[in-house]
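This briefing goes through one protein chain by topic.

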Amino acid sequence: MKRIICIPIMLILISGTIGLMGQTGGNTTNAGQETTLRVNSRAVLVDVLVTDKKGEPVRGLAQNAFTVKEQGKPQIVTFFEEHQSAESTGMESLSLPPNVFSNHPGEAQPAAVTVLLLDALNASVEDQAFVHQQALRFLKTAKPGSRMAIFTMSSGLHFVQGFTDDPVLLVAALNAKKGNGVEQSSNLTTPAETNAGQGLVNMMSVNTPTQATHGGSPTATTASPAMIAGLEGFLHEMGDTELSDREYRTLANLQQLATFLGAFPGRKNLIWFSTSFPAGVFGMTEPRFEGDVKKTVNLLTAARVALYPVDASGASEHAVYTAGNAQATGANLPREMSGASDLAAGPGNVSANGPGQAANTPMTASALGGPDTGNSANEHPLAVEDRETNSRHSTMDILAHDSGGRAFYNTNGLAHVIAEIGKAGADFYTLSYVPANANMDGGFRNISVEIEGQKYNLSYRRGYYASDADRPGAAEAAAPAAQGGKPVNPLAPFMALGMPESEQIGYRVAIKPAGEAAADAKTISYDAVFTLTVDDLSLKENADGTRTGTLVVGLTVYDRYGQVVNQQARRAALTLKPDVYAAVKTAGLGMTAKFEAPAGQYWLRTGVYDEDGAKVGTLEIPLAAVKPVVAQGGN
């Protein structure tokens with residue numbers, strides 16, 4: 001049995017039980033060796049999927065086969081790694097003794113993981129139910145081994161199930177009431193409502209014969225032109241307001257999700273099921289929230305998220321064909337105008353026109369459930385819906401193309417889509433470079449990757465915003481200066497009860513009651529002994545051979561309602577001599593802390609933050625699982 005090495009370190013409680021942490025100016029980030037994209041480290045990381053003309057992954061390419069450019073200028077690749085679906089990384093399986101817990105799942109970890117995002121904010125109830133059914137269909141036949149997490153999105157982001165490769169857990173979470181995610185969006189105009197409004201305008205615009213007198217027109221519309229214009233203006237204004245609210249909420253939800261996912265290593269394939277995808281979220285239309293757009297893009301970039309937008313409506317019939325809707329539109333539908341069967345089933349393809357360019361159709365707000373000022377009052381509802389569908393699909397193509405993913409639409413086989421994305425997204429190359437232009441001017445930097453002499457299909461993120469203000473953790477880093485030097489806790493964004501556990505820093509923690517507690521004790525004292533994986537830390541090697549770094553260690557106790565009952569955070573300044581470093585690489589780095597918690601059903605969330613590497617590890621433990629000290633026991 002390996003012996004844990006507990007070394008003498010400076011462990012300082014900054015401020016009582018609240019434990020807000022300070023940051024000193026002496027810490028530096030080793031940007032050149034950071035392999036996760038952090039804008040503040042000036043290292044840009046790009047995940048590249050390479051496929052042949054049959055869509056099969058291309059393996060075995062060397063670093064010199066790739067050329068990376070930023071703003072058209074070649075960059076020097078400083079890091080290169082190939083990932084294959086059969087590849088596994090991580091520590092060996094752990095057999096843990098009683099009262100010892102680990103944030104490492106005890107098995108090999110894939111280089112890419114899958115996230116299901118079930119959108120209730122931008123999707124109809126019918127489409128949500130269809131996605132839910134298809135996701136369950138996939139999970140019930142899935143084999144263990146592929147790590148997946150599930151979130152839902154409505155007015156806020158909701159955590160359903162953290163990363164696991166057990167389909168049984170995913171099915172149970174999705175079947176739970178809280179994980180259903182099927183709800184009516186108050187800010188989404190359904191196709192039936194859109195067609196009903198258009199039908200009303202059409203009926204008001206019908207020409208009716210009149211008595212031509214005094215040189216008047218022999219025909220007139222059912223309603224006056226002023227009334228028709230007033231109705232159209234109202235419908236457009238209402239749609240614009242709804243769209244603006246959905247864009248704002250979508251940005252906020254994606255920022256929160258990116259913060260969650262940024263705590264995990266590797267590529268994240270985000271499968272986003274929705275009926276409409278707000279183009280304004282990524283500045284495709286006139287940006288309403290420019291600052292939030294930049295922040296969202298950079299957070300998703302830093303978290304290595306590739307978007308896979310999936311049209312939740314599938315290969316559905318036109319809304320004008322649905323029961324009762326023909327009467328609402330007041331239209332006689334010609335037989336030769338076909339429904340969804342006219343659309344080729346299968347995944348959508350990325351436009352060949354380049355980043356940010358739609359394939360065939362100009363971007364319109366109507367694709368997002370908002371107003372389309374190009375609509376004609378005499379335009380047939382079926383033509384309107386076809387145009388809006390094409391525009392929506394163009395939006396999806398752009399989102400996927402610019403983030404390194406792929407869009408899927410015109411298919412009812414959503415279960416197959418999930419399986420295909422999980423398979424295709426597991427083979428990729430990771431390249432990193434330090435931009436030649438180090439000026440963080442807030443502008444957008446275009447990224448291009450080429451493989452000379454080969455006709456391969458490349459999927460990768462097409463750029464980022466060069467901004468320190470939008471980088472992960474920037475708000476926490478800037479807070480001390482903004483608050484007159486008052487320290488902040490960089491672990492705070494990762495310590496909420498129920499958040500996915502981060503594995504960027506792997507560790508075990510032994511939770512031991514400090515002594516025997518009386519049967520009626522209201523409060524129990526505990527010792528927490530951490531054992532950290534040193535290879536996960538970004539320690540600076542100095543000229544004298546010592547390695548230094550700074551960690552933040554946090555413990556938060558929650559009750560069953562999610563309320564904080566005890567909280568502390570501490571900073572640990574590390575200085576490891578060469579012989580000590582060699583020992584802890586094998587045995588692990590030991591750190592201790594003490595805390596108290598009420599007796600009963602309470603949960604402990606622990607966290608470790610590496611200030612130099614901007615990495616985090618978290619672990620949540622039900623204190624009911626901690627076995628009490630027996631009379632013969634002790635330590």
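Lys69 has a relative accessible area of 23%, so it counts as partly exposed. The model is predicted. Lys69 belongs to strand E4, which covers residues 66–70.

- Beyond the residues within four places in sequence, Lys69 is in contact with Pro74, Gln75, Asn446, Ile447, Ser448 and Glu450.

**Confidence**

- The average pLDDT of the chain is 74, and 66% of the residues score at least 70.
- In residues 7–41 the pLDDT is below 50, and this stretch has 98 contacts in the model beyond near neighbours in sequence.
- Residues 320–377 also have a pLDDT below 50; beyond near neighbours in sequence, the model gives this stretch 132 contacts.

**Overall make-up**

- The chain contains 10 helices and 26 strands.
- Of its 635 residues, 50% are buried.
- Among contacts with a separation of 6 or more, 76% join residues 24 or more positions apart.

**Nonpolar cores and a surface patch**

- In soluble globular proteins, nonpolar side chains tend to be buried together.
- The largest nonpolar core has 34 residues, of which Val509, Ile511, Phe530, Leu532, Phe595 and Leu623 touch the most other members.
- Two or more residues of this core come from each of several elements, including strand E19 (507–513), strand E20 (523–532), helix H10 (578–587) and strand E24 (589–598).
- Leu623 is in contact with Ile511, Tyr526, Val557, Phe595, Ala597, Tyr602, Trp603 and Leu604, leaving aside its neighbours within four places in sequence.
- Another core of 30 residues lies apart from the largest one, with Ala112, Leu136, Phe138 and Ala312 among its members.
- On the surface, Leu200, Met203 and Val206 make up a nonpolar patch whose accessible area is about 240 Å² together.
- Val206 sits in the loop between helix H3 (191–204) and strand E11 (207–209), and its relative accessibility of 42% makes it partly exposed.

**Salt bridges**

- The structure has 13 salt bridges.
- Arg392 pairs with Asp311, with 3.1 Å between the closest N and O atoms.
- This pair links distant parts of the chain, 81 residues apart: Arg392 is in helix H7 (residues 381–403) and Asp311 is in strand E14 (residues 305–311). Both Arg392 and Asp311 are buried.
- Glu420 and Arg406 form a salt bridge at 3.0 Å, N to O. Because Glu420 lies in helix H8 (residues 414–424) and Arg406 in the loop between H7 and H8, the pair ties together parts that are 14 residues apart in sequence.
- Glu420 is partly exposed at 25% relative accessibility, and Arg406 is partly exposed at 28%.
- Arg445 forms a salt bridge with Asp441, and their closest N and O atoms are 3.6 Å apart. With a relative accessible area of 3%, Arg445 is buried, whereas Asp441 is partly exposed at 48%.
- Glu70, Asp441 and Arg445 are linked in a network of salt bridges.

Terms used
Residues numbered from 1 in each chain as written. Predicted model: local features only at pLDDT ≥ 70, side-chain atom pairs only at ≥ 80, totals over all residues. Heavy atoms only, no water. pLDDT = per-residue confidence, 0-100. Contact = heavy atoms within 4.5 Å. Core = buried A, V, L, I, M, F, W, Y, C linked by side-chain atoms within 4.5 Å. Buried < 20%, exposed > 50% of the residue type's maximum accessible area, 1.4 Å probe, protein only. Helix = DSSP H or I, 4+ residues; strand = E, 2+ residues; numbered from the N terminus. Patch = residues over 30% accessible without salt bridge, like charges linked within 9 Å, V, L, I, M, F, W, Y side chains within 5 Å. Areas by Shrake-Rupley, 256 points an atom, 1.4 Å probe, with all protein chains shown as cover. Salt bridge = Lys/Arg side-chain N within 4 Å of Asp/Glu carboxyl O.
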